[in-house]
Amino acid sequence: QVQLVESEGGLVQAGGSLRLSCTASITIFSFYVMGWYRQAPGKQRELVASITQGGSTNYADSVKGRFTISRDNAKKTVYLQMNNLKPGDTAVYYCNAERVGIPRLTYWGQGTQVTVSS
């Protein structure tokens, strides 16, 4: 079975920073592309960032230059470093794991609230 456990989010002021982590109970972690999604009230869930086993990354335009995704394959953990946070970043953030070549095998973390005050 696959389980993704996220760290606690939090309340931060605009311009502040926060780091999220997600640890996966996955036998072969390298088989998965890891990512972070977020969903704000009244909006669709959107991809924030993703990272392959080899370290290739992809970011939403809205977070480029501010957020950094990374993974530690030995620890089976993915991180999202969020800098210069803006009120528009307020959302529930979800960790995601997608099996390479088998997209139906997709798993989600429990979600954690990140609130950015102005």
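Visitor: Where is the place of Lys-76?

Guide: Lys-76 sits in the loop between strand 7 (67-72) and strand 8 (77-82). Strands (E, at least two residues) and helices (H or I, at least four) are DSSP runs, numbered from the N terminus. The model is predicted: local features need pLDDT of at least 70, side-chain atom pairs count only at pLDDT 80 or more, and totals for chains, interfaces and linings use all residues. Residues are numbered from 1 along each chain as its sequence is written, and side-chain values use heavy atoms, leaving out hydrogens and water.

Visitor: What is the phi of Lys-76?

Guide: Most residues other than glycine have a negative phi. Lys-76 is not a glycine, yet its phi is positive, near 55 degrees. Asn-84 also has a positive phi, near 45 degrees. Asn-84 belongs to the loop between strand 8 and strand 9 (91-99).

Visitor: How many helices and strands does the protein chain have?

Guide: There are 0 helices and 11 strands in the protein chain. Read along the sequence, the pattern is β-β-β-β-β-β-β-β-β-β-β. The radius of gyration (taken over C-alpha atoms) is compared with a globule rule of 2.2 Å times the number of residues to the power 0.38. For the 118 residues here the rule gives 13 Å and the protein chain has 14 Å, which is close, so the chain is as compact as a globular protein of that length. Its C-alpha trace spans about 40 × 25 × 25 Å along the principal axes.

Visitor: What share of the residues of the protein chain count as buried?

Guide: Of the 118 residues, 40% count as buried. Contacts (heavy atoms within 4.5 Å) tell a related story. Among contacts with a separation of 6 or more, 55% come from residues 24 or more positions apart.

Visitor: Which cysteines form a disulfide?

Guide: A disulfide is a covalent bond between the sulfur atoms of two cysteines. The rule here asks for a pair of cysteine sulfur atoms within 2.5 Å. By that rule the count is 1 disulfide. Cys-22 and Cys-95 form it, with their sulfur atoms 2.1 Å apart. The pair links distant parts of the chain: Cys-22 is in strand 3 (residues 18-25) and Cys-95 in strand 9, 73 residues apart. The torsion about their S-S bond is about -85 degrees, so the disulfide is left-handed.

Visitor: Are Cys-22 and Cys-95 buried or exposed?

Guide: Cys-22 is buried, at a relative accessible area of 0%. Cys-95 is buried as well, also with 0%.

Visitor: Which residues does Arg-99 touch, not counting residues up to four places away in sequence?

Guide: With those neighbours in sequence left out, Arg-99 touches Phe-31, Tyr-32 and Leu-105. Arg-99 lies in strand 9 and is partly exposed, at 22% relative accessibility. Ser-30 is 69 residues from Arg-99 along the chain, while the C-alpha atoms of these two residues are separated by 9.0 Å.

Methods. Buried means under 20% relative accessible area, exposed over 50%, partly exposed in between (1.4 Å probe, protein chains only).
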